[in-house]
Amino acid sequence: MSEVETWQMGLAKTQEVLAQLYTNTEFRERFFANPEAVGAELGLSCDEAQKLAQISAKEVNIFANSLKWKRLGEVRELLPRTARALGKNFTALFWRYAQTHVPKGIKKHREDAIAFANFISRIAEKENLDPPWISDLVRYEKTWLLAYEPTRRLIVCWFRYPVGIASPDAMKRQLTIAIWFRFSKRAQLRYIVRSL
């Protein structure tokens, strides 16, 4: 292996570790507690790990938090009704979720919102989250995000509450069906919701 290739490999590993430092709280804590051992786990040399450890942990934490706040803002825009219904709990739940999930890919904000919606659904079931219809509402907004994918032609979902209405005060148990469809990949997405 040439010197250039070795340098490029070291640079790639360093960038990988930096990405984890900025996005993974548990990894960040482990790394700053023992940089050489944790760096070695990821293939860094002792020298490379020591250089990275010279970065201020405080500055890394500040930057990592700014990234999480940005993600929260994006997710809040994609799940607006769920965010309003949960209020401060939305942010608290997002911090819990962001500890274990880092979005990737070109549609990462949408993927992040869908994964967060799944997280809220699991928590709602385990912890009896308020309001009682939050699980239906987050599933409804998640389905909108899934339906925008041009490869999706038809999605049919049943809900226990009238999730299509705008007012939380009118959210009384009522079986509701929602259908998203398009006639071709390029056709406009259409939507029907009916409470029975």
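Mentor: Start with one term: contact means heavy atoms within 4.5 Å. This is a predicted model, where local features need pLDDT of at least 70 and side-chain atom pairs count only at pLDDT 80 or more, while totals for chains, interfaces and linings use all residues. Residues are numbered from 1 along each chain as its sequence is written, and side-chain values use heavy atoms, with hydrogens and water left out.

Trainee: Which residues does Val-138 contact, leaving aside its neighbours within four places in sequence?

Mentor: Val-138 sits in helix α9, residues 134-147. Helices here are DSSP runs (H or I, at least four residues), numbered from the N terminus. Leaving aside neighbours within four places in sequence, the contacts of Val-138 are Thr-82, Ala-117, Ile-120 and Ser-121.

Trainee: Is Val-138 buried or exposed?

Mentor: Buried means under 20% relative accessible area, exposed over 50%, and partly exposed in between (1.4 Å probe, protein chains only). Val-138 has 0% relative accessibility, so Val-138 counts as buried.

Trainee: How far apart are the C-alpha atoms of Val-138 and Trp-180?

Mentor: Along the chain, Val-138 and Trp-180 are 42 residues apart.

Trainee: What is the distance between Gln-20 and Ala-64, C-alpha to C-alpha?

Mentor: Gln-20 belongs to helix α1. Its relative accessibility is 25%, so Gln-20 counts as partly exposed. Gln-20 and Ala-64 lie 44 residues apart in sequence. Their C-alpha distance is 9.7 Å.

Trainee: What does Gln-20 touch, not counting residues up to four places away in sequence?

Mentor: Set aside residues up to four places away in sequence. Gln-20 then touches Phe-27 and Leu-42.

Trainee: On to rings. Why is the pair of Tyr-22 and Phe-63 called what it is?

Mentor: The structure holds 19 aromatic pairs. Rings of Phe, Tyr and Trp (its six-membered ring) pair if their centres lie within 6.5 Å; planes under 30 degrees apart count as stacked, over 60 as edge-to-face and the rest as tilted. For Tyr-22 and Phe-63 the centres are 4.7 Å apart and the planes stand at 75°, so this pair is edge-to-face.

Trainee: Which residues do ring pairs link into a cluster?

Mentor: Follow the rings from pair to pair. The cluster holds Trp-69, Phe-90, Phe-94, Trp-95, Tyr-97, Phe-116 and Phe-119.

Trainee: Which side chain makes a polar contact with that of Asp-112?

Mentor: Asp-112 is in helix α8 and is buried, at 1% relative accessibility. Leaving aside neighbours within four places, its contacts include Phe-94, Tyr-97, His-101 and Pro-103. A polar contact is a pair of N or O atoms within 3.5 Å; within protein, one must be able to donate a hydrogen and the other to accept it, and residues adjacent in sequence count only if both atoms are side-chain atoms. At 2.8 Å, the partner side chain is that of Arg-71.

Trainee: Which residue's backbone oxygen lies 2.7 Å from a polar atom of the Arg-110 side chain?

Mentor: Arg-110 is also in α8, residues 108-127. Its relative accessible area is 17%, so Arg-110 is buried. Beyond four places in sequence, Arg-110 touches residues including Leu-78 and Glu-149. The backbone oxygen at 2.7 Å belongs to Leu-145.

Trainee: Which element gives the largest share of the lining of the largest pocket?

Mentor: The largest pocket has a volume of about 280 Å³. It is lined by 13 residues, with Thr-23, Leu-67, Arg-71, Pro-103 and Lys-108 nearest its centre. At least two residues of the lining come from each of α1, α5 and α8. The largest share, five residues, comes from α5.

Notes. On a 1 Å grid over the protein atoms alone, a cavity is a set of points where a 1.4 Å probe fits but cannot get out, and a pocket is an open set with protein on both sides within 12 Å along at least five of seven lines; lining residues have an atom within 4 Å of a point. Grid points are joined across faces, edges and corners, and a volume is the space filled by probe spheres set on the points.
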